[in-house]
Amino acid sequence: MEKRILFVVTSHDKKGSTGQPTGYYLAEVAHPWEVLHDAGYEIDFVSPQGGKAPVDGFNLDDPINKKFWDNATYHQKITHTMKPSAVDPSKYDAIFYAGGHGAMWDFADNTELAGIAGRIYEAGGIVSAVCHGPAGLVNIRLSNGQYLVDGKKINAFTNEEEAAVKLDKVVPFLLETTLIARGAIFEKSGLWQQHVVTDQRVVTGQNPASAKAVGEAMLAALQRINK
């Protein structure tokens, strides 16, 4: 069976009422993609609304970003993302929620995506996210009614980082605070430091600097479950 991972990217393109553009953060897709694609995984893309996903952090001076953006197959996929209704969770070994501030507006309350992630996890797969991507984890419940993050070590964009970029009053909720309220054991490092944690097939990273390491931790977790 082909090895496949589902990447989730935001459809939301504005930071609240500021009018500032946002979307998924390119490096948070490209860097894990390179690790997992090079290891033989096929990556598919889904977004809450499907179609072309808005992009932020568009830096093609980063060679990995450029490698991803210039790959014709994956450029087609990221500009023609699937809708959640088109996804068959049984096809995927893992799901990964990419960050970018847009995720704060359209990940948490998307019940279809939460259902997909719950099914992948309960089938023995990996659930992963980086930076603002863990907004997609806050409302995932398992079949026993428990929040996925409850009792697990989890990492995400911190309250201090949100304040540092002056968006703590703009985002609809604070990610760190909400994850803790759901029962997560929140781990973090200082501003912009790489930090990745794996706990019970859930892999999370703090910020853009953690994106590649999240891909590597996902690969290690996938290798453990596929032994």
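In the predicted model, strand 1 (residues 4-8) and strand 3 pair in the parallel sense, and five bridges join them. Within this pairing, the bridge partner of Phe7 is Phe45 in strand 3. Helix 1 packs on the sheet to which these strands belong, where it touches strand 1, strand 3, strand 5 and strand 6, and the direction of helix 1 makes about 175° with that of strand 1. Helix 3 also packs on the sheet, touching strand 1 and strand 3, but the direction of helix 3 makes about 25° with that of strand 3.

The sheet as a whole is open and is formed by six strands in the order 3-1-5-6-10-9, with mixed pairing. Strand 3 and strand 9 stand at its edges, and each has a single partner strand, so one side of each is left without a neighbour in the sheet. On average, and with direction ignored, neighbouring strands of this sheet are turned by 15° against each other.

Strand 5 (residues 94-97) takes part in two of the pairings described here. With strand 1, strand 5 pairs in the parallel sense over four bridges, and Val8 stands opposite Tyr97 of strand 5. With strand 6 (residues 126-130), strand 5 likewise pairs in the parallel sense over four bridges, and here Tyr97 stands opposite Ala129 of strand 6. In a regular strand the side chains alternate between the two faces of the sheet. In strand 5, Ala94 and Phe96 point one way while Ile95 and Tyr97 point the other way, and all of these residues are buried.

The N-terminal end of helix 3 is capped by Asn71, of which a side-chain oxygen lies 3.1 Å from the backbone nitrogen of Thr73.

Helix 1 (residues 26-38) also meets helix 8 (residues 211-225), and the axes of these two helices come within 8 Å and cross at roughly 35°. The crossing of helix 1 and helix 8 is right-handed. On the side of helix 1 the contact is made by Ala27, Glu28, His31, Pro32, Val35 and Leu36, and on the side of helix 8 by Ala211, Lys212, Gly215, Glu216, Met218, Leu219 and Leu222. Sorted by class, the contact of helix 1 with helix 8 has eight nonpolar, two polar and three charged residues.

Some single residues may be considered in turn. Thr178 lies in helix 7 (residues 175-181), and because its relative accessible area is 17%, Thr178 is buried. When neighbours within four places in sequence are left aside, Thr178 is in contact with Val138 and Phe173.

Cys131 is placed in the loop between strand 6 and strand 7, whereas Arg201 is found in the loop between strand 9 and strand 10. With a relative accessibility of 3%, Cys131 counts as buried, while Arg201, with a relative accessible area of 27%, is partly exposed.

Definitions and conventions:
Residues are numbered from 1 along each chain as its sequence is written. This is a predicted model: local features need pLDDT of at least 70, side-chain atom pairs count only at pLDDT 80 or more; totals for chains, interfaces and linings use all residues. Side-chain values use heavy atoms; hydrogens and water are left out. Axes are lines fitted to C-alpha atoms, for helices over the stretch in contact, and angles run from 0 to 180 degrees between N-to-C directions. A crossing is left-handed if the near helix is turned anticlockwise from the far one by less than a right angle, and right-handed if clockwise. Contact means heavy atoms within 4.5 Å. Ala, Val, Leu, Ile, Met, Phe, Trp, Tyr, Cys and Pro count as nonpolar, Asp, Glu, Lys and Arg as charged, and the others, Gly among them, as polar. Buried means under 20% relative accessible area, exposed over 50%, partly exposed in between (1.4 Å probe, protein chains only). Two strands pair if DSSP finds at least two bridges between them. A polar contact is a pair of N or O atoms within 3.5 Å; within protein, one must be able to donate a hydrogen and the other to accept it, and residues adjacent in sequence count only if both atoms are side-chain atoms.
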